[in-house]
Structure formats: structure tokens, C-alpha cells
Amino acid sequence: MTDNRTLLIVDDCTEDRKVYRRYLLKDPHFNYEIVEADSAETGLTLWQQMQFDVVLLDFCLPEMSGFEFFQLLASQTVNNRPCVIMLTGHGDEVLAVQAMKLGVQDYLVKNNLKSDVLQLAVRNAIKQSHLQAQLNKTLERQRLIATTALRIRKSLDLKQILSTAVAEVQQLLRCSVAVYQFAPDFSVDNITNLIAASRESTISHAELFGSCYQVDTQNNHHHWQCRGAISNIYAAGMKHPYDLVQKNGKTQANLVIPINLSHDSKLWGLLVAHHHEEERLWQPDEVEILSEVSVQLAIAIQQAELLAQTQASLIKEKQLNNFKSQFITTVSHEYRTPLASVLAAASTLHKHGDKLDILKQQRFLEMIEQKARHLSKLVDDMLLVNQIELDKTKFKPAPLDLMHFFSDLMEQQRLVVTDAHELIFKVTGNAHLFWGDKGLLRQIFTNLVSNAIKYSPDGGNIEFHLIDKETEIIFHVKDEGIGIPPRELDNLFQSFSRASNVDTIPGTGIGLFIAKACVELHEGSITLDSHVEQGTVVTVCLPKRRN
């Protein structure tokens, strides 16, 4: 299946334009809609009208040079840099370097031009332009999420946080925004309370929900159904957006994202983006932005609710209060360093992106993505800890081929581990059929192997040994790291507990706690054997079971 692209050829030579057209129409990867201009003036006019994917630009135009034409294109482009391939009759390294510095995607010599060369150059230019566009969108998303996260850390006033989020989303998506909260009793007469909205927002309760009623599912989740124009909203726990169609025969696109407090599977409310004037087709990046904001709002809501509960029951619930304090402190501390890296990289790309080559831009983008994934994992881990504390974690066993399962996880670790560590995977016996929870087993493996790597700062072997027994599965995770003081071994399975010899090695102290909880859901056991400066062996025993 081929993609359709629009391409503008700006060249005063008719024969050259015919050659380019003939070459490109043979491209098996893209279908091109090709428009031609024989002068700079015509080319600029066409660019203003159509905004092409790629421009093939002759360096020597009658009215101006290709450089001057490119600069005019750039000045007329609001968001992304124009994707331009410059062609010249004679190779000139100085001109080529100058063109690349200006931001031209490629520089080709007409005399050496062949069909496959031009096709490849255009395809590469499209890919690079797409990467740049994705980078710009990622930077804008990260700016929004970073701003929201910073406000969360500065204030625990819920309305202030939500008002800030509404203002940020309104500015970014250029539409009305509102946050609705479900009534505590989910009553029919009071489905939601509007607690934050932009000034232009006129989304009424009736317009958004119509005549809604509640249905209890087998899992005791709240499922809302609506008569009339809106067929349904969603089931609790779902995270997919819905476009609601409303009213009097006129379509209005309301992008609705659930705000789901994962720590207790509670559907707290809705984040709604509303377009007044006409139907709006929401783009994937817009949906992603609103979804990421909803995650941040969920964190803010949880922090605010936890603080309120702590203040109301400071004496009676001292133990729970300690957990909440550790939760907030850990999230705040662990967010600071990776978020600073994200902001620094984003700032560099924003200020100097046009001066960086594509490889450096990709490295910055990869760093942003890596840090963002780290932050996302931190949130997931914290929410998982909270679920464990509240006994909300579910055990869902299914048949697994453990040898292939753990082998795949080990290969994933090899992709991110440094050369200082050697990952060794051993199997004893035939560890194929096993009934277990895939998600929980992944948590056990990831936390134990990540700890082994993290606490072996000088490198060394990390060994994962899978052993198949008649009635149980055993696996050992062995490292050659800093080890654990003997008197602290038992305490490390508690949440937010870390050994005294970790020094500056970062961590939250919840990895072993999560691993132990996941092992116990399998009705298994986990033990530690460690010696300072000699390494650690973690042994997990899981009983075999049948469905």
C-alpha cells in the first residue's frame, strides 16, 4: 500500500521538470501529486495555497537564487521548516554545505541524477520532515505535561491545579475546555459537577450527557448509557476517548477523556475539549495531549485527596499517613532529575534545533522519550504500590511458556543495558507450560533484574537462572554488585525501604516490595542471600498450578 504525497517542482527548465516527474512517478513507495512552477513567483504562490510535503528546487532561478527562495518559504511557514531538496547543474561543496546549514534537506547534482537516487532522496526528506514534525509535537506535549507537573508540585489545591490545566489545554488546542467531577453517589440527578472551565466554555450538563442512566455490570463497575443522540459514554476503567455527537442535527465534536484514579479503580470525572463553531476531527496528537493531561490530573487529584485524608485522620491513621507522605515525597524527588533533563533537551531543540543535524536532533528526542518513559514507569510503579496496599491487585493466571517469556524479557534488557554488564540466561529443565499472571511475572523479572543492574555500578555478570522442578518453578537473579548489609535483608521487602550502602544510586525503594507482592499473589516465596561487596542472589519459588 502506497502513501499519497504532494510535491512541488520549482525549475525554469521544462525538460528537467519532465525528468523529475518521470522518475518520481515510478516510485513504488509513494504516490505523488506533482505540481510544477517555472518561476520563483509561481512557486511561492503555489506554496501559500497548498503547503506541499516536498519541494524540488532549482538553485539557479531567473529571479533569485535557490537560497533566497528557501528563506522566503521558511518565512511563510508557521510551524515546521519547509522540506526542500535543492538541485544544481554542477556540484559545489561550498554551496552544498551552505544549503545544509540553512536547513535544506538534501542537495543533488542534476548531471549525476538517476531515478533511484531522486526517489530515495525524496523519501528520506519526507521521513526527516515527519521526524521534525513529530519532534515539534512531542516538545509541545512535553511542555504542557512538564508545566502541569510543576504546578502539581507547587500546590496541592485541587481547583488551582485543575484551572491551570484547563488554561494550558485551551491555549494549546484552541477550544473550550472543562473538567467535570462525578458525584460521590453517582446519582442520576447529579451525574457531574462542573468544577473548572475556560471562560468560553458553554458546555451544559444537558448538552453533554442528555438523559443518562446508570447500569451495574457484573464487576460492579459503573457503566453510563444515554438515550437519544448519545449512545453511551464509557465503562469505568476505560481510557479511550469518545466523540459525542450533539444536537439539533448539527454535529459538535466534544473530545471526552476519563479521569481515572487508578489507585482505587475509581472513575473520578471527565476532561472535555469542546469545539463550538463546527465539526472538528480530533488529531491523534491532540487526543494524546488530552490523555496525558488526564494522567497528570489523576495524580493531582490523588495527591489532594490523600492530603485531605491525612489532615482529617492524622492521629487515627498514622500508618496510612506515613505511606502517603512517602508517596508524595518519592514522586516529587524522582520526578525532578529526569524532568530537568527533558526540559533542558526540549529547550535546546527549541532554541538551536535548526542548527543541529538530524542525528543530534534524534538523540535529543530519544533522550526525551527515555526520560518520559522513566517518569511514566515511576507513576505506574507508585500506583501499583498503592493498589497492593489496598489489596486491589488482581491475579489473572493463564498458560505461559516461561522459557520463551523470560528469554524475550532478557533480550529487551540487553537492548538498554550498557557494555559494563553481561546478561546471562540459563535454563535447567523444560520450563514451558506454566500457569501464571503474565503482567505480575513481568513485574517480578523487571524489578529484580533492574535492581541487579542498578546495584552493580561497576558492572559484572547478571545471571538469570530458570529451573523447572516437578511441583514448582524456581529462578535465581544473581549479581556481583555492592550487596546488602545482613541486618537489613528482611526490611528491604517493605515499601520505600533501601539499604544503607546505596550512597547516591537513585531509587524509590519499592522494587522488592512490588516483586514480593507479585510473588505472593502466585502463592510463592522470595528470599535474599547477600554479602557486602560480593553481590546478591534473589531466589523466587512459584508453585505449579492447573487452570
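How much space lies in the second largest cavity? About 30 Å³, in a model that is predicted rather than experimental. Local features here require pLDDT of at least 70 and side-chain atom pairs count only at pLDDT 80 or more, while totals for chains, interfaces and linings use all residues. Residues are numbered from 1 along each chain as its sequence is written, and side-chain values use heavy atoms, with hydrogens and water left out.

A cavity is a set of points on a 1 Å grid over the protein atoms alone where a 1.4 Å probe fits but cannot get out, and its lining residues have an atom within 4 Å of a point. Grid points are joined across faces, edges and corners, and the volume is the space filled by probe spheres set on the points. The second largest cavity is lined by L131, Q132, L135, I358, Q361, Q362 and L365. Helix 5 (115–154) and helix 10 are the elements that give two or more residues to this lining, and helix 10 gives the most, with 4 residues. Helices (H or I, at least four residues) and strands (E, at least two) are DSSP runs, numbered from the N terminus.

Turning to the sheets, 5 strands form an open sheet in the order 2-1-3-4-5 with parallel pairing, where two strands pair if DSSP finds at least two bridges between them. Strand 2 (30–37) and strand 5 (106–109) each have a single partner strand, so one side of each of these edge strands is left without a neighbour in the sheet. Neighbouring strands are turned by 20 degrees against each other on average, direction ignored; axes are lines fitted to C-alpha atoms, for helices over the stretch in contact, and angles run from 0 to 180 degrees between N-to-C directions. Strand 4 (residues 84–88) pairs with strand 5 over 4 bridges, and M86 stands opposite Y107 in strand 5. Helix 3 (residues 66–75) packs on this sheet, touching strand 1 (3–10), strand 3 (54–58) and strand 4, and its direction makes about 150 degrees with that of strand 3. Contact means heavy atoms within 4.5 Å.

A further open sheet of 5 strands has the order 15-17-18-20-19, and its pairing is mixed. Its edges are strand 15 (421–428) and strand 19 (525–531), each with a single partner strand. The twist averages 10 degrees from one strand to the next. Strand 18 (residues 472–478) and strand 20 (residues 535–543) run antiparallel, joined by 7 bridges, and V538 in strand 20 is the bridge partner of V477. Helix 11 (residues 402–416) packs on the sheet, its direction making about 175 degrees with that of strand 15. Helix 12 (residues 438–454) also packs there, at about 25 degrees to the direction of strand 18.

The largest nonpolar core has 52 residues, of which L402, F406, L448, F464 and F475 touch the most other members. Such a core is a set of buried Ala, Val, Leu, Ile, Met, Phe, Trp, Tyr and Cys residues joined through side-chain atoms within 4.5 Å, where buried means under 20% relative accessible area (1.4 Å probe, protein chains only). Helix 12 supplies the largest share of this core, 8 residues.

Notes
Buried < 20%, exposed > 50% of the residue type's maximum accessible area, 1.4 Å probe, protein only. 1 Å grid on protein atoms, 1.4 Å probe; cavity = no way out; pocket = protein on both sides within 12 Å on 5 of 7 lines; lining within 4 Å.
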